[in-house]
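Grab a pencil and work through these exercises with the model in view. Try each task yourself before you read the solution.

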Amino acid sequence: MYLSSIEVQGFKSFAAKTRIQFIPPTGGRQGVTAIVGPNGSGKSNIADAIRWVLGEQSLKIIRGKKSEDVIFGGSDKKSRMGYAEVTLTLNNEDGTIKPAESDDDHPMDYSEIAITRRVYRDGEGEYLLNGSRVRLVDIQLLLARAHFAEKSYTVVGQGMIDHMLMATSAERKSFFDEAAGIKEFQIKRHQTVLKLNATRENLHESRMLLSEIEPRLQSLTRQVKRLEKRDEVESELHTAYIQYYGGQWVRIQEQLTRMSVERDHIAIEQKALQTAYDAAFAQLRTMEVHETKNDIYSQLQQEYDAVHRERTKLREEIIRLKNAIEVATVRATSQQKWAPLPLTKIITELEAIRDEVAHAQNERDLSILERFVKGVLGKVASLIERLQQPAPQQQPAAFVDTKAQAEIAELEKTLVLIEEKAIHLQERIASVSREEQEKKSAFFALQRELQDKQKQLHTTEQRASAIAVDLARIETRRDTLLEEIAREVPQYRAEIEAIPPEIARAVDVQALQQDVYRLRRQLELIGSIDPEVMKEYETTRERHEFLDAQVRDLDLAIAQLEKGIVELDAITTKRRTVAFAQINREFGRFFATLFNGGRAEIVEIRQTPKEQQANASEESGEPTDASAVDPTAETLVGIDIVASPPGKRVTDIAVLSGGEKALTSVALICAILSTNPSPFVVLDEVDAALDESNSVRFGAIIAELATQTQFVAITHNRATMEQAQLLYGVTMGEDGVSRVLSVRLEDAMARAAK
Ligand code: ATP
């Protein structure tokens with residue numbers, strides 16, 4: 001890579017578009033271009049243009065006060081310009097500058113890299129990389145990758161020589177850091193630190209938000225738990241209600257069904273009983289009617305009475321006849337002694353009386369009975385009278401009244417018939433009487449049955465009315481239950497009625513009632529909860545989770561960034577240590593070369609982070625954040641220079657002569673250039689203070705360094721011009737505009753010699 005050209009337009013005295021072409025490296029040597037010209041022609045403006053395009057921010061360094069000071073301000077003959085523009089073109093065909101990882105998104109042709117800076121009078125400015133707008137930091141990173149930067153030794157100005165020796169140790173350190181090639185890491189580190197701070201800020205904010213949200217989330221969580229508990233209790237209560245009312249409902253329904261069935265049974269039973277009763281009653285009626293019509297018995301009785309009377313009459317006739325015979329016999333035998341009545345006769349007569357009496361037992365008719373008693377009394381009186389008289393002697397047949405005997409025989413025959421008839425009638429009567437008796441007992445049995453039936457009917461009626469009362473009672477209970485359901489839980493009515501009977505039968509209604517009371521009390525205790533709480537809880541919880549995750553991510557990011565910083569610090573330290581040792585060595589060598597002897601070195605100044613913080617005024621790219629590093633570890637904060645020209649013991653550079661200071665600075669710059677060669681360096685009259693012999697030594701050093709570094713040397717010095725392969729002359733016309741032209745070395749030398 002080498003600097004191939006610079007194009008300037010409207011920049012300071014270069015009003016017109018001016019292009020300076022540089023030469024590519026040849027024969028293992030980088031190009032050395034010398035720019036010559038009279039004082040005030042605008043040579044240094046070229047150095048300024050190079051600084052400026054590389055991103056120099058200090059107006060002081062490019063010798064201005066306002067940003068528009070870099071724009072051609074006009075002259076008597078030429079009007080001022082509206083903007084200044086400088087383009088620096090690098091030939092990168094050898095690929096020294098590698099594309100950055102971040103360039104993947106915007107691939108760029110890296111064979112030629114044109115860096116442009118433009119500024120307008122209104123102060124608006126921009127950077128372009130191969131024509132595309134970029135940020136300054138992109139340019140800085142690119143330059144860092146190319147191993148040269150906007151500051152310090154890329155353009156070594158006239159004032160820099162002194163400035164380097166007079167600068168603070170911290171400023172010098174920054175200069176050396178750039179020289180050590182660690183600027184790239186420091187920029188990265190700086191960006192990492194900025195990122196770390198922003199991340200810490202984010203973390204802090206997230207934590208603040210988290211701590212703000214936490215109490216609300218806790219309160220919401222409690223409320224949501226209550227809400228969940230409420231749901232749980234409500235669900236339990238719902239079940240309890242269904243079972244409590246369902247249990248009662250099913251029981252009542254079942255009772256009603258059972259009772260209805262029983263009522264129907266009783267009704268059927270009642271009906272059957274009534275029918276049976278009615279039938280029995282009718283039968284009884286029939287029997288009663290039959291009873292009244294039954295006169296067979298009295299007819300038989302009458303018949304018997306008639307027979308009886310006839311028999312009595314017959315017997316009386318026979319007795320009368322027999323008595324008459326007897327009387328006749330007695331008269332016939334009046335002389336005969338009394339003889340008692342034969343016993344058989346007495347028995348026969350007594351038996352006849354007994355029969356009559358026996359017969360009379362059944363007699364109901366009082367008049368007949370009276371007559372009968374009189375008859376019997378007569379017979380008894382007759383028997384007694386006869387028993388008191390002696391029985392007539394057995395009369396001889398001659399005394400028997402045969403007529404009477406025949407009559408008696410006839411009568412007795414009739415008597416036998418009559419008696420047979422009487423017996424027959426008596427049997428009939430007995431039979432009828434038996435039948436009658438049977439009928440009577442059947443009647444009574446029927447009567448009893450009727451009474452029984454009546455009693456049963458009565459009982460059944462009682463049962464029917466009892467069940468009707470029970471039914472009415474249960475129906476009232478059902479209605480009351482339904483009213484209660486309608487009042488308490490109308491929304492569950494369908495569910496209550498649909499409860500499976502096996503469940504309903506198993507529940508303990510009383511225990512459930514207790515449950516319902518308990519659960520309702522619990523609900524009252526929980527109280528009402530705003531339904532919006534759930535929504536707010538969800539959003540708050542999500543936000544909390546988000547913030548929590550963010551805090552974790554940020555913690556992780558911070559840890560990674562801190563780790564990155566530590567790694568960058570490690571690289572920086574390592575590179576710096578190596579580079580500083582080499583710079584120190586080369587510084588001593590070039591010092592000895594330029595001074596023809598003597599000794600010089602750079603000294604590191606180290607401090608702990610605590611000491612650094614105490615010394616906050618120091619400008620440093622080093623870590624200022626103590627937590628990112630070990631607080632006890634010392635870091636490099638500055639560089640001191642110690643120099644002793646030959647034969648002198650001077651160590652404080654302040655006391656060196658101007659020439660000695662210039663030589664020391666040149667030695668240091670050359671040491672840096674040799675250690676970490678910059679691709680190109682502009683030397684703006686660095687050699688101005690050197691005497692002839694030192695100029696020659698300086699020329700030799702340039703020749704040595706040119707093996708690695710391309711030089712653009714603004715000079716009035718011959719020895720320096722001799723090192724150049726290409727010479728440009730800068731002139732300024734009356735119009736105040738600088739112009740560039742190629743110059744032959746001889747001409748330039750001749751002019752320089754004047
Ligand atoms: P020396 O050899 O004495 O160092 P030089 O060749 O380096 O001189 P410069 O310092 O580059 O000269 O140029 C200075 C000239 O540039 C001055 O004449 C100054 O007026 C002119 N100049 C500076 N800024 C502007 C500007 N904005 N517009 C016009 N001219 C400017």
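**Exercise 1.** Find which backbone atoms lie 3.1 Å from an oxygen atom of the ligand, starting with Ser41.

*Solution.* Start with Ser41: one of its backbone N or O atoms sits 3.1 Å from a ligand oxygen. Next, go to Gly42, where a polar backbone atom is 3.1 Å from an oxygen atom of the ligand. Then try a ligand nitrogen: a backbone N or O atom of Ile71 lies 3.1 Å from it. A polar contact here is a pair of N or O atoms within 3.5 Å.

Before going on, a word on the model: it is predicted, local features need pLDDT of at least 70, side-chain atom pairs count only at pLDDT 80 or more, and totals for chains, interfaces and linings use all residues. Residues are numbered from 1 along each chain as its sequence is written, and side-chain values use heavy atoms, with hydrogens and water left out.

**Exercise 2.** Work out how α7 and α8 are oriented to each other.

*Solution.* First, locate them: helix α7 covers residues 343-361 and helix α8 covers residues 366-388. (Helices are DSSP runs of H or I, at least four residues, numbered from the N terminus.) Their axes come within 11 Å and cross at roughly 165 degrees. Axes are lines fitted to C-alpha atoms over the stretch in contact, and angles run from 0 to 180 degrees between N-to-C directions. So α7 is roughly antiparallel to α8 (over 145 degrees). By class, their contact (heavy atoms within 4.5 Å) has 11 nonpolar, no polar and 5 charged residues. Nonpolar means Ala, Val, Leu, Ile, Met, Phe, Trp, Tyr, Cys and Pro; charged means Asp, Glu, Lys and Arg; the others, Gly among them, are polar.

**Exercise 3.** Which residues in α4 meet α13, and what is the angle between the two helices?

*Solution.* Take the angle first: the axes of α4 (residues 169-179) and α13 come within 10 Å and cross at roughly 100 degrees. The two helices are therefore roughly perpendicular (65 to 115 degrees). Now the residues: Lys173, Phe176, Asp177 and Ala179 in α4 meet Arg576, Phe580 and Ile583 in α13. Sort them by class and you get 4 nonpolar, no polar and 3 charged.

**Exercise 4.** Describe how α13 and α15 cross.

*Solution.* The axes of α13 (residues 532-595) and α15 (residues 658-675) come within 8 Å and cross at roughly 135 degrees. The contact residues divide into 14 nonpolar, 4 polar and 2 charged.

Methods. Polar contact = N/O pair within 3.5 Å; in protein donor to acceptor, adjacent residues only side chain to side chain. Parallel < 35°, antiparallel > 145°, perpendicular 65-115°, else oblique.
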